[in-house]
Amino acid sequence: MKQNFSIAGPFGELQGVIHECEIPEKRRNVLVMAHGFRGSMEGGGRAAQLAEEISETVCTVVRFNFTWCTMLSNQVAELKALLDFVRQTLQPEKLFLLGRSFGGATCIITAVGEAEVQKGSAVLKNETEDNKSVLEASWYKRNTYRPDGMVLWSAPNSLKKTFIQVLGEEKFLRAMEGEPILLADERGRDEIPAAFVKDLLQYDLASLLQRWQKGPLLIIHGEKDCIVTPEQAKRNFEIAGGEKELHYMEGDDHHLALRCKEAGKLVKQWLGKNL
């Protein structure tokens, strides 16, 4: 069953879709999907299709839209708000994150940033009989945003290297000096505030990911990715701990459009092993 939802996020409304698992006993295993920079929860239709396929037999899937072109710090806050909503409504026994590109960076920061759950969330304000089962859920009791497992799909290791590639070195340096960034392409025309670059540079993804020493990690990356270069995936694999896998999609680029089905099959198989 597919259900649309809308919640009040910290910087505006967050809209998304819950794909409830068709197998009742697997519904409280949940995968949350986070999209990339200037992307959407649809992922050109590919993310929506993957969510449908996973929810048939593996687990419940939640996908959502960040507010448009927001800063990385804002995305982290929005993902945490979304996870609070997931806790309250789906009561997950196990929860996994899947982050595509910039969404992968958001997942890394959220997963290993040592933040606790929001004390002011609706779930924690009043321990009533209605939400008591939520508070007793094994995953919720860990009082953290750290998931049980994580998928990094075309995710960066160095935000600086990645956004010099995305914006161009000249625009990147001008933004460092306080000039807004104008992007105009097939995705539309967007003005990115200069603060966007300074904000993302406060995060050292490599240092953060070194904290991931337990739990399964799946890394999927295009062999010919020229936005987030393949060596960034290799570096992520090398520094993380736990049970980890790295799969390069032969001949494919950042968006994995050519081998999306193959990548999706890897995700399904990996979830099946680890949920």
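**Reading the packing**

Guide: H1 passes H11 in a right-handed crossing. Bear in mind that this is a predicted model.

Visitor: How are two packed helices described?

Guide: Packed helices are described by two values, the angle between their axes and the distance between those axes. Here the axes of H1 (residues 46-57) and H11 (residues 260-274) cross at roughly 35 degrees and come within 11 Å.

Visitor: Which residues of H1 and H11 meet?

Guide: On the H1 side they are Arg 46, Leu 50, Glu 53 and Ile 54. H11 brings Cys 260, Gly 264, Val 267, Lys 268 and Leu 271. Sorted by class, this contact of H1 with H11 holds 5 nonpolar, 1 polar and 3 charged residues.

Visitor: At what angle do the axes of H6 and H7 cross?

Guide: The axes of H6 (residues 159-167) and H7 (residues 169-176) cross at roughly 115 degrees and come within 6 Å. H6 and H7 therefore count as roughly perpendicular to each other. Lys 160, Phe 163, Ile 164 and Leu 167 of H6 make the contact with Glu 169, Lys 171 and Phe 172 of H7. The residues in the contact of H6 with H7 are 4 nonpolar and 3 charged, with no polar ones.

Visitor: On to the sheet. How do strands of a sheet pair?

Guide: They pair through backbone hydrogen bonds, and the sense is either parallel or antiparallel. This structure has an open sheet of 8 strands with mixed pairing, in the order S1-S2-S4-S3-S5-S6-S9-S10. S1 (2-9) and S10 are the edge strands, each pairing on one side only. From one strand to the next, the twist averages 20 degrees.

Visitor: Which strands does H1 touch as it packs on the sheet?

Guide: H1 touches S1, S2 (12-19), S3, S4 (60-64), S5 and S6. The direction of H1 makes about 160 degrees with that of S4.

Visitor: In which sense do S2 and S4 pair, parallel or antiparallel?

Guide: S2 and S4 are antiparallel, over 4 bridges. As an example, Val 17 has Arg 63 in S4 as its bridge partner. S3 and S4 also pair over 4 bridges, but in the parallel sense. There, Leu 31 stands opposite Val 61 in S4.

Visitor: Where do the side chains of a regular strand go?

Guide: They alternate between the two faces of the sheet. In S4, Thr 60, Val 62 and Phe 64 point one way, while Val 61 and Arg 63 point the other way, and all are buried. Because 5 of the 5 residues of S4 are buried, the strand is largely enclosed by the rest of the structure.

Visitor: How many residues of S5 are buried?

Guide: In S5 (residues 94-100), 6 of the 7 residues are buried, so this strand too is largely enclosed by the rest of the structure. S5 pairs with S3 (residues 29-34) in the parallel sense over 6 bridges, and Met 33 has Leu 98 in S5 as its bridge partner. S5 and S6 (residues 149-153) run parallel, joined by 5 bridges. Leu 97 stands opposite Met 150 in S6.

Visitor: How many bridges are there between S9 and S10?

Guide: S9 (residues 217-222) and S10 pair over 6 bridges, in the parallel sense. Leu 218 stands opposite Glu 245 in S10.

Visitor: Now single residues. Is Trp 270 buried or exposed?

Guide: Trp 270 counts as buried because its relative accessibility is 2%, and buried means under 20%. Trp 270 lies in H11. Leaving out residues up to four places away in sequence, Trp 270 touches Phe 96, Gly 149, Met 150, Val 151, Pro 216, Leu 217, Leu 218 and Glu 245. Trp 270 and Leu 218 are 52 residues apart in sequence, yet 7.6 Å apart in space from C-alpha to C-alpha.

Visitor: Where is Ala 240 found?

Guide: Ala 240 is in the loop between H10 (230-239) and S10 (244-249). With 4% relative accessibility, Ala 240 counts as buried. Leu 209, Trp 212, Gln 213 and Leu 217 touch Ala 240, again not counting residues up to four places away in sequence. Between Ala 240 and Trp 212 there are 5.5 Å in space, C-alpha to C-alpha, and the two are 28 residues apart in sequence.

Visitor: What are the totals for helices and strands in the protein?

Guide: The protein has 11 helices and 10 strands. Of its 275 residues, 52% count as buried. Among contacts with a separation of 6 or more, residues 24 or more positions apart account for 77%.

Methods: Residues are numbered from 1 along each chain as its sequence is written. This is a predicted model: local features need pLDDT of at least 70, side-chain atom pairs count only at pLDDT 80 or more; totals for chains, interfaces and linings use all residues. Side-chain values use heavy atoms; hydrogens and water are left out. Axes are lines fitted to C-alpha atoms, for helices over the stretch in contact, and angles run from 0 to 180 degrees between N-to-C directions. Helices (H or I, at least four residues) and strands (E, at least two) are DSSP runs, numbered from the N terminus. A crossing is left-handed if the near helix is turned anticlockwise from the far one by less than a right angle, and right-handed if clockwise. Contact means heavy atoms within 4.5 Å. Ala, Val, Leu, Ile, Met, Phe, Trp, Tyr, Cys and Pro count as nonpolar, Asp, Glu, Lys and Arg as charged, and the others, Gly among them, as polar. Buried means under 20% relative accessible area, exposed over 50%, partly exposed in between (1.4 Å probe, protein chains only). Two strands pair if DSSP finds at least two bridges between them. Angles under 35 degrees count as roughly parallel, over 145 as roughly antiparallel, 65 to 115 as roughly perpendicular and the rest as oblique.
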